[in-house]
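Subject: Structure for you to look at

Hello,

Here is the structure I said I would pass on. Please open it first, then read the notes below with it on screen.

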Amino acid sequence: MITAKNLTKAYGDQEIITNVNFKIGGSKKIGLVGKNGCGKSTLFKVLNGIEDASAGNLEIQGEVFGYIPQEFSFPDELVGEYLEKQLDSVWDFYKIEAFASKLRFNNFDPYQKINSMSEGQKMRIKLIEALLKDPTTLFIDEPTNHLDIEGIMWFESYVKHLDKNIVMISHDRSFLNHTVDEIWEIDKKQIFRFVGDYDFYKEEKLKLINKWDQEYVLFLKKKAQLETLLENVRKIKDGKKRGSAVESVKKRIVREIEENKKEKYESKKVKDIEFKSEVHLSKLMLRFDGVSKSYGEKEIFKDLNFELRGKEKVWLYGPNGAGKSTIVKIVMGLEKPTLGNVTLGNNINIGYFSQVQSNLVSENTLLEEFIEKTGIYFGKAFGYLSKFLFDKDSVQKKIWQLSPGERARFAFAIFAYKDYDLLILDEPDNHLDIETKEVIEKSLSEFNGTLLLVSHDRYFVEMVGVDKVLNLSDGGIKSFERF
Ligand SMILES: Nc1ncnc2c1ncn2[C@@H]1O[C@H](COP(=O)(O)OP(=O)(O)OP(=O)(O)O)[C@@H](O)[C@H]1O
Ligand SMILES: [Mg+2]
């Protein structure tokens with residue numbers, strides 16, 4: 001059992017979570033949600049002893065923890081070499097192989113370099129590493145970010161049948177609906193618990209917000225009443241009566257107003273984003289004629305033929321390693337095809353949003369970085385960034401201090417500064433919180449140009465409203481059918 005009592009965590013004078021209390025036990029599957037930067041990963045780090053709490057108590061009885069962080073890197077080692085370090089004896093190596101087969105790790109090769117593996121495989125290595133400790137509780141920070149759709153579906157059924165406490169952070173609505181018994185949300189520096197799946201949480205949270213709104217209205221009403229009452233009793237002529245009446249109203253003000261303050265619930269959301277494009281329905285935007293790509297001996301895809309026109313929205317779909325990012329790079333001229341021709345439409349603005357935001361300079365402040373990348377006039381940067389929820393204080397943060405989701409939101413703010421006719425988005429939704437995804441979904445569904453989208457989030461793809469799928473498993477383009 002894990003018991004947290006009045007747990008508080010701050011970075012400098014910025015409190016992230018304040019006085020939270022909870023218990024984890026009884027083989028529960030918990031989904032931890034909340035906005036980007038609200039402190040989900042920080043809470044995991046505190047529970048796993050990677051960061052110290054600023055105040056409060058954490059009691060851990062009879063538990064062994066396994067922890068998979070949101071972003072991980074590996075030493076330059078072979079898989080077997082790396083995992084062996086988790087074993088008590090080399091004779092236990094069979095355990096690694098047993099887990100690999102349980103986790104449907106195809107072609108598991110202990111002599112392969114970890115850093116040459118796909119994201120989905122790396123995620124499985126982390127999972128094996130955690131499972132080798134025979135943990136009672138697993139903390140997994142955004143597992144679906146590393147997996148393709150088949151991987152996510154496999155992981156859903158795997159997790160469901162695991163007899164352990166599992167706490168998972170996720171922004172994937174379908175995944176949460178399929179796996180968890182409870183949703184915990186970090187909001188207003190507190191933790192709120194909802195016993196049900198994501199859809200249940202969403203309904204209950206709306207009710208809770210309505211209740212808070214009503215309480216706030218009542219609070220304002222009472223405050224006004226007591227203030228009027230105070231004015232009135234101050235007018236009592238009899239000095240003695242006046243004194244005691246004033247005292248008694250003041251006491252009520254302290255008790256009922258000051259010690260019982262209610263604040264208006266404000267949920268800040270990224271403002272609507274609009275990409276303007278005027279392309280004609282039939283305009284040729286992109287064509288692949290017999291395009292193949294190999295890296296050395298290794299063939300990634302072969303003889304790909306497709307066309308994108310005017311206002312088409314196409315989902316580029318394929319498992320990890322099928323070459324989605326490679327296609328995107330070929331379109332952008334960052335990679336050359338081994339064979340075939342790529343034709344781009346004339347006079348179109350192409351916007352490319354890359355899966356990794358490696359071009360951000362981590363020592364820059366957000367404001368510096370934004371001005372450097374967009375050339376925006378200093379005074380206007382504040383207003384623009386505030387639409388993406390970066391206020392005057394947070395634009396002074398350094399890039400490295402951002403949570404991954406805040407970093408993705410910032411990169412999208414830079415991207416959305418311009419207009420495009422052809423949008424090429426490589427997992428734009430990765431790391432983003434659900435409310436921000438909803439804003440981007442809306443902007444893409446209303447977009448008047450052409451879209452080529454890579455995403456592993458089924459819900460996101462449906463909400464964007466793609467018309468077609470370019471499926472790399474069969475190499476063809478088809479109309480999109482719902483899942
Ligand atoms: N070392 C640090 N110094 C200062 N601030 C930090 C540091 N690490 C994190 N923060 C801030 O703490 C807050 C919480 O970060 P955390 O990574 O826990 O967020 P999160 O809820 O996991 O977000 P995401 O959904 O993007 O993963 C963020 O505002 C972040 O900018
Ligand atoms: Mg996080």
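Start with His431, which sits in the loop between strand S15 (422–426) and helix H13 (434–446). His431 is not a glycine, yet its phi is positive, at about 75°. Is His431 buried or exposed? There are 23 C-beta neighbours inside 10 Å, so His431 counts as buried; the cut-off for that is 20 or more. Bear in mind throughout that this is a predicted model.

Arg104 also has a positive phi without being glycine, in this case near 50°. Arg104 belongs to the loop that runs between helix H3 (93–102) and helix H4 (119–131). Because Arg104 has 13 C-beta neighbours inside 10 Å, it counts as partly exposed.

Now the chain as a whole. The protein chain contains 14 helices and 18 strands. Its C-alpha trace spans about 100 × 65 × 40 Å along the principal axes. There are 483 residues, and 31% of them count as buried. Among contacts with a separation of 6 or more, 72% come from residues 24 or more positions apart.

Next, a pair of helices. Two packed helices are described by the angle between their axes and the distance between the axes. For helix H7 (residues 198–233) and helix H8 (residues 239–257), the angle is about 165° and the axes are 9 Å apart. H7 and H8 are therefore roughly antiparallel to each other, since angles over 145 degrees count that way. The crossing of H7 past H8 is left-handed. On the H7 side the contact involves Lys222, Lys223, Leu226, Leu229, Leu230 and Val233. H8 contributes Arg242, Ala245, Val246, Val249, Arg252, Ile253, Glu256 and Ile257. How many residues in this contact are nonpolar, polar and charged? Nine are nonpolar, five are charged and none is polar.

Last, a sheet. Strands of a sheet pair through backbone hydrogen bonds, either parallel or antiparallel. This one is an open sheet of three strands in the order S11-S10-S13, and its pairing is antiparallel. Strand S11 (298–309) and strand S13 (339–344) are the edge strands, each pairing on one side only. From one strand to the next, the twist averages 15°. Strand S10 (residues 284–295) is joined to S11 by eight bridges in the antiparallel sense. Arg287 stands opposite Glu307 in S11. Helix H9 (residues 324–331) packs on the sheet and touches S10, S11 and S13. The direction of H9 makes about 125° with that of S10.

Regards

Technical notes: Residues are numbered from 1 along each chain as its sequence is written. Chains are lettered from A and ligands numbered from 1 in the order in which they are written. This is a predicted model: local features need pLDDT of at least 70, side-chain atom pairs count only at pLDDT 80 or more; totals for chains, interfaces and linings use all residues. Helices (H or I, at least four residues) and strands (E, at least two) are DSSP runs, numbered from the N terminus. A residue is buried if 20 or more other C-beta atoms lie within 10 Å of its own, exposed if 12 or fewer, and partly exposed in between; C-beta atoms are placed from the backbone. Two residues are in contact if their C-beta atoms, placed from the backbone, lie within 7 Å. Axes are lines fitted to C-alpha atoms, for helices over the stretch in contact, and angles run from 0 to 180 degrees between N-to-C directions. Angles under 35 degrees count as roughly parallel, over 145 as roughly antiparallel, 65 to 115 as roughly perpendicular and the rest as oblique. A crossing is left-handed if the near helix is turned anticlockwise from the far one by less than a right angle, and right-handed if clockwise. Ala, Val, Leu, Ile, Met, Phe, Trp, Tyr, Cys and Pro count as nonpolar, Asp, Glu, Lys and Arg as charged, and the others, Gly among them, as polar. Two strands pair if DSSP finds at least two bridges between them.
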